[in-house]
Amino acid sequence: MRQPSLLDRVLVEIDQSLRTVHARPPVTERPNPARQVTATAALDDTERRLSGRLMRVNHAGEIAAQGLYRGQALTARLEGIRAQMQRAADEENDHLDWCEQRLQQLDSHKSRLNPVWYWGSFSLGALAGLAGDRWSLGFVKETEDQVEQHLKQHLGRLPANDLPSLAIVKQMQEDERHHGDQALAAGGKRLPWPIRRLAMPLAASIMTTLSARI
Ligand SMILES: [Fe+2]
Ligand SMILES: [Fe+2]
């Protein structure tokens, strides 16, 4: 079988980005945790809008996760690491789908900046991959830790009666912790503090602020 050329790979990535941003994930592995919620209380308009904003931010975060893992897979050195990154992107598809379903139920919309989040994260992921597999895994570990903290905050901010959103965010938080642990176990290096404490929180706050509104 012929090896894919650079052009083949670029076209595959463009195709993948369009599917991620504009279509529903083709394969999801687990049922939506919100399905386990049997008793649902109606949300008033203020609660519905708040939930919509928070779930839009979470959906945008999952779009970014797809870009990040695809970018990392593209430049990973070891085949095992490449496979692990692709596997993680597949698992994150569940989160993407659950958030999108909830946004529709809340009569809300996805962030219009999703292509920006996807390609921005893709570029960062590709750069992390170029820096070497252990740095790339360290970047996953730090990202997942920060996302987990962010989701914890959302558990306190979502309306207490929005049980479906809470069920989704709780499951995502558990999964992100697991992804972070896996990256560390695979040999992830701890990133330098200016990246962990300054650059990443700054990028995250720009993304959460803009995706809540646009
Ligand atoms: Fe996720
Ligand atoms: Fe994750």
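Helices are DSSP runs of H or I with at least four residues, numbered from the N terminus.

**Figure 1. Overall view of the predicted model.** The structure shown is a predicted model. Its chain contains seven helices and zero strands, and along the sequence these elements follow the pattern α-α-α-α-α-α-α. The radius of gyration is 17 Å, close to the 17 Å that the globule rule gives for 214 residues, so the chain is as compact as a globular protein of that length. Along the principal axes, the C-alpha atoms fill a box of roughly 55 × 40 × 30 Å. Of the 214 residues, 37% count as buried. Among contacts between residues at least 6 apart in sequence, 86% join residues at least 24 apart.

Figure 2. From C-alpha to C-alpha, Gln86 lies 19 Å from Ala23, and the two are 63 residues apart in sequence.

**Figure 3. Helix H2 and the largest nonpolar core.** Helix H2 runs over residues 45-75; at 1.5 Å a residue, its 31 residues should span 45 Å, and the 45 Å between its end C-alpha atoms agrees with this. H2 is mostly covered, with 22 of its 31 residues buried. The largest nonpolar core has 38 residues, and those with the most contacts inside it are Ala64, Tyr69 and Met85. The elements that give two or more residues to this core are H2, H3, helix H4 (114-131), helix H5 (133-157) and helix H6 (163-185). H2 supplies the largest share of the core, ten residues. Residues up to four places away in sequence aside, Tyr69 touches Met85, Ala88, Ala89, Glu92 and Gly125.

**Figure 4. The loop between H3 and H4.** Asp107 has its place in this loop. The phi of Asp107 is near 60 degrees, a positive value in a residue other than glycine. Asp107 counts as exposed because it has 9 C-beta neighbours inside 10 Å, where 12 or fewer is the limit for that class.

Figure 5. The buried residues of H4 are Asn114, Trp117, Tyr118, Ser121, Phe122, Leu124, Gly125, Ala126, Ala128 and Gly129. An α-helix has 3.6 residues a turn, so residues three or four places apart point the same way. Helix H1 (6-22), H2, H5 and helix H7 (193-213) are included in what covers the buried residues of H4. Just after H4, Gly132 adopts a positive phi of about 130 degrees.

**Figure 6. Gly129 within H4.** Gly129 is found in helix H4 and counts as buried because it has 24 C-beta neighbours inside 10 Å. With neighbours within four places in sequence left aside, Gly129 is in contact with Gly71, Gln72, Leu74, Thr75, Ala76 and Ser136. Gly129 and Arg82 are 47 residues apart in sequence, while the distance between their C-alpha atoms is 9.5 Å.

**Figure 7. The crossing of H4 and H5.** The axes of these two helices, H4 and H5, come within 5 Å and cross at roughly 140 degrees. This angle makes H4 oblique to H5. In the contact between the helices, Ala128, Gly129 and Ala131 of H4 meet Trp135, Ser136 and Phe139 of H5.

Figure 8. Leu151 lies in helix H5 and is buried, with 22 other C-beta atoms within 10 Å. Apart from residues up to four places away in sequence, Leu151 touches Val169, Met172, Gln173 and Glu176. The C-alpha atoms of Leu151 and Gly138 are separated by 20 Å, and these residues are 13 residues apart along the chain.

Key:
Residues are numbered from 1 along each chain as its sequence is written. Chains are lettered from A and ligands numbered from 1 in the order in which they are written. This is a predicted model: local features need pLDDT of at least 70, side-chain atom pairs count only at pLDDT 80 or more; totals for chains, interfaces and linings use all residues. The radius of gyration is taken over C-alpha atoms; the globule rule is 2.2 Å times the number of residues to the power 0.38. A residue is buried if 20 or more other C-beta atoms lie within 10 Å of its own, exposed if 12 or fewer, and partly exposed in between; C-beta atoms are placed from the backbone. Two residues are in contact if their C-beta atoms, placed from the backbone, lie within 7 Å. The expected span of a helix is 1.5 Å times one less than its number of residues. A nonpolar core is a set of buried Ala, Val, Leu, Ile, Met, Phe, Trp, Tyr and Cys residues joined through C-beta atoms within 7 Å. Axes are lines fitted to C-alpha atoms, for helices over the stretch in contact, and angles run from 0 to 180 degrees between N-to-C directions. Angles under 35 degrees count as roughly parallel, over 145 as roughly antiparallel, 65 to 115 as roughly perpendicular and the rest as oblique.
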